[in-house]
Amino acid sequence: MPKQRSVCLFCGSRNGKSSAYADLAHAFGRETAAQKLRLVYGGGGIGLMGVAARAAREGGGEVLGIMPGFLSSAENAFDDCTLEIVETLHERKARMATESAGFVVLPGGLGTMEEVVEVLSWTNLGLFPMKTVFLDHNGYWDGFFTLLEHSINEGFTSASVRDQAMRAHSPQEALQKLGF
Ligand code: AMP
């Protein structure tokens, strides 16, 4: 499946406290399959990552998992997808960006934050003309956007980041904002 029909997902390797997070990850995975998009993600079988990937496969969708070898047992590499094993976390992120036309961010922890902040900074430096959409439940990413606005208002971050980091309230809206 070409890059133009591929969406990259960043999300937690845990499920979070509310079952609504997994419901959202499931709905997102199913929507990628319904729209015949390829889901590109970290390749894990655990947490929201695993929920979204399984849902995409259940819906008949194509899934590419990109996993550093040293994480494959800790993150229970998902075997019902095309699994690409790489050496490092950096290589994974670069491959994810190369293989996709845009990013969706579901709730997640430090790993998710690290991934999305790096991608946003790449976009901000003009390295990638790609958009990122945060899709959440219960205002999970509100604090992140408050910090981003604070940083823009204090003159440390370019206001153009507002056009690159978008928000959506449903999988359909997220994919539509990425231009699918
Ligand atoms: P988390 O949001 O912390 O549950 O992590 C989500 C995913 O991010 C997991 O698959 C981790 O392997 C990955 N991850 C964790 N730390 C990093 C990092 N420093 N760089 C890239 N990916 C990471």
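Helix 3 contributes the buried residues Arg92, Lys93, Met96, Ala97 and Glu99, where buried means under 20% relative accessible area, exposed over 50%, and partly exposed in between, with a 1.4 Å probe and protein chains only. Helices here are DSSP runs of H or I with at least four residues, strands are runs of E with at least two, and both are numbered from the N terminus. This is a predicted model, in which local features need pLDDT of at least 70 and side-chain atom pairs count only at pLDDT 80 or more, while totals for chains, interfaces and linings use all residues. Residues are numbered from 1 along each chain as its sequence is written, and side-chain values use heavy atoms, with hydrogens and water left out.

The buried residues of helix 3 pack against strand 1, strand 2 (38-41), strand 3 (62-68), strand 4 (82-86), strand 5 (102-105) and helix 4. Contact means heavy atoms within 4.5 Å.

Lys93 is one of the buried residues of helix 3. The side chain of Lys93 forms a salt bridge with that of Glu114, at 2.9 Å from N to O; a salt bridge is a side-chain nitrogen of Lys or Arg within 4 Å of a carboxyl oxygen of Asp or Glu. Lys93 belongs to helix 3 (residues 89-99) and Glu114 to helix 4 (residues 110-124), so this pair ties together parts that are 21 residues apart in sequence. A salt bridge also joins the side chains of Lys93 and Glu118, at 2.5 Å from N to O. Because Lys93 lies in helix 3 and Glu118 in helix 4, that pair ties together parts that are 25 residues apart in sequence. Lys93 has a relative accessibility of 4% and therefore counts as buried. Glu114, with a relative accessible area of 39%, is partly exposed.

Glu99, another of the buried residues of helix 3, takes part in a network of salt bridges that links Arg38, Glu84, Arg95 and Glu99. The structure holds eleven salt bridges.

A further salt bridge joins Lys177 and Glu173, whose closest N and O atoms are 3.4 Å apart. Lys177 and Glu173 are four residues apart in helix 7 (residues 171-177), so about one helical turn separates them. An α-helix has 3.6 residues a turn, so residues three or four places apart point the same way. Both ends of this pair are partly exposed: Lys177 has a relative accessible area of 34%, and Glu173 has a relative accessibility of 23%.

The whole chain can be considered next. The secondary structure comes to seven helices and seven strands, and along the sequence these follow the pattern β-α-β-α-β-β-α-β-α-β-α-α-β-α. A compact globule of 180 residues would have a radius of gyration near 16 Å, and the protein has 15 Å, which agrees. This radius is taken over C-alpha atoms, and the globule rule is 2.2 Å times the number of residues to the power 0.38. Along the principal axes, the C-alpha atoms fill a box of roughly 45 × 35 × 30 Å.

Of the 180 residues, 48% are buried. Among contacts between residues at least 6 apart in sequence, 72% join residues at least 24 apart. The protein exposes about 8,400 Å², of which carbon and sulfur atoms supply 53%; the areas come from the Shrake-Rupley method with a 1.4 Å probe, and for residues only the protein chains shown count as cover.

Arg14 is found in the loop between strand 1 (6-10) and helix 1 (19-34), and with a relative accessible area of 69% Arg14 is exposed. Arg14 and Gly109 are 95 residues apart in sequence, yet their C-alpha atoms are 8.1 Å apart in space. Neighbours within four places in sequence aside, Arg14 is in contact with Gly47 and Leu48.

Arg54 lies in helix 2 (residues 47-58) and, at 35% relative accessibility, counts as partly exposed.

Ser151 is found in helix 5 (residues 142-153) and counts as buried at 18% relative accessibility. Beyond residues up to four places away in sequence, Ser151 touches Phe156 and Thr157.
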